[in-house]
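Let us take a friendly walk through a protein model, one stop at a time. Keep the picture in view as you read.

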Amino acid sequence: MSAVSFENKLVEIGYSGLFMFDNEKLSDSIWKNGDNQTQLEDVVESSSSSLHAKFLAAEILRHHEVKFKTKNTENLVEAYTYALTHTSLEKNNSVQLNGNLWGLLYDHDDSGYLGKQLIAFGESGISHLTELLDQNGNITYEGSKEATMGNAYQYRVKDFAAFYISKIKNIHVKFYQDLDSRDQEINRLKKFLKSE
C-alpha cells in the first residue's frame, strides 16, 4: 500500500474506529503484528503527512507499546496539540474525540489518556501548549456520569492547555467555575511563562 493510501486509510478509520466501541480489530489490521511499524513511524516522521494522520499513527504505536523516537518529539507534540484543538466544537470535533480522553482536569486531578501523553512530552510541549492558551473552543464529554461532570465545567481548549502546562512545570494553576476568573488565572499563567 502506498504511503498516501496508508495515511488516507488511517484518517478514514479515525480514532473511534481504531480504539473505541470495543473494536480494536481495525487497529490490529493496521498494526499487522508489527509488520506496519515502520510505515506508521514513517507517517509520524514525514513532512507531507497530515497532523491528523501523525496523531493516529502515534496512537497505534503507543497502543502497541512502541517507544517514540526522540527525534520525532516535535512532530508528535504538534500532532497531539492539533488533536486537542480539533476536539473542540469550534473545530467541529473533526478528529472525533471527546473530553473523556483528555481528562476531567482540576477537581479530579485527571489528565486523561491522551493528556498524559502530552504531559509526558515534558518541556518540549510547552511552546505548543502555550499557543493554545487563547483558544476558546469548548470540548464536550460523553457517557452519563463523565458527561454530567465534564460538561458542567464548560472546559475549553485553553483550560486543558493550562492544566497540562501546570503538570509539566509543576506549578499551581487555580481552577474557577466562573469563566472570567478562569481567564484571569490563565492570563497570570501566560505572564509567568513569558517571564521565564
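Our first stop is Gln 154, which is partly exposed, with a relative accessible area of 39%. Here buried means under 20% relative accessible area, exposed means over 50%, and partly exposed lies in between (1.4 Å probe, protein chains only). Before going on, note that this is a predicted model, where local features need pLDDT of at least 70, side-chain atom pairs count only at pLDDT 80 or more, and totals for chains, interfaces and linings use all residues. Residues are numbered from 1 along each chain as its sequence is written, and side-chain values use heavy atoms, with hydrogens and water left out.

Where does Gln 154 lie? You will find Gln 154 in the loop between H9 and H10. Helices such as these are DSSP runs (H or I, at least four residues), numbered from the N terminus, while strands are runs of E with at least two residues. Gln 154 has a positive phi of about 55° although it is not a glycine. Most residues other than glycine have a negative phi. Lys 32 also carries a positive phi, of about 50°, and is not a glycine. Lys 32 sits in the loop between helix H2 (25-31) and helix H3 (37-45), and is partly exposed at 48% relative accessible area.

Now look at the aromatic rings. How many aromatic pairs does the structure hold? There are 14 aromatic pairs, where rings of Phe, Tyr and Trp (its six-membered ring) pair if their centres lie within 6.5 Å; planes under 30 degrees apart count as stacked, over 60 as edge-to-face and the rest as tilted. Tyr 153 and Phe 175 form an edge-to-face pair, 5.6 Å centre to centre with 90° between the planes. Tyr 153 lies in the loop between helix H9 (145-152) and helix H10 (157-169), and Phe 175 in the loop between H10 and helix H11 (179-195), so this pair ties together parts that are 22 residues apart in sequence. Both Tyr 153 and Phe 175 are buried. The rings of Phe 163 and Tyr 164 have centres 6.1 Å apart and planes at 65°, so they too are edge-to-face. Phe 163 and Tyr 164 are both buried. These four residues belong to one aromatic cluster, together with Tyr 106, Tyr 141, Tyr 155 and Phe 160.

Next comes helix H4 (residues 51-63), whose 13 residues reach 18 Å from first C-alpha to last, close to the 18 Å expected at 1.5 Å a residue. That expected span is 1.5 Å times one less than the number of residues. Is H4 mostly covered or mostly open? H4 is mostly covered, with 11 of its 13 residues buried. One of its residues is Glu 59, which counts as buried at 1% relative accessibility. Glu 59 and Val 44 are 15 residues apart in sequence and 10 Å apart in space, C-alpha to C-alpha.

The structure holds 1 cavity of 30 Å³ or more. On a 1 Å grid over the protein atoms alone, a cavity is a set of points where a 1.4 Å probe fits but cannot get out, and lining residues have an atom within 4 Å of a point. About 60 Å³ of space lies in the largest cavity, a volume being the space filled by probe spheres set on the points, which are joined across faces, edges and corners.

Conventions:
1 Å grid on protein atoms, 1.4 Å probe; cavity = no way out; pocket = protein on both sides within 12 Å on 5 of 7 lines; lining within 4 Å.
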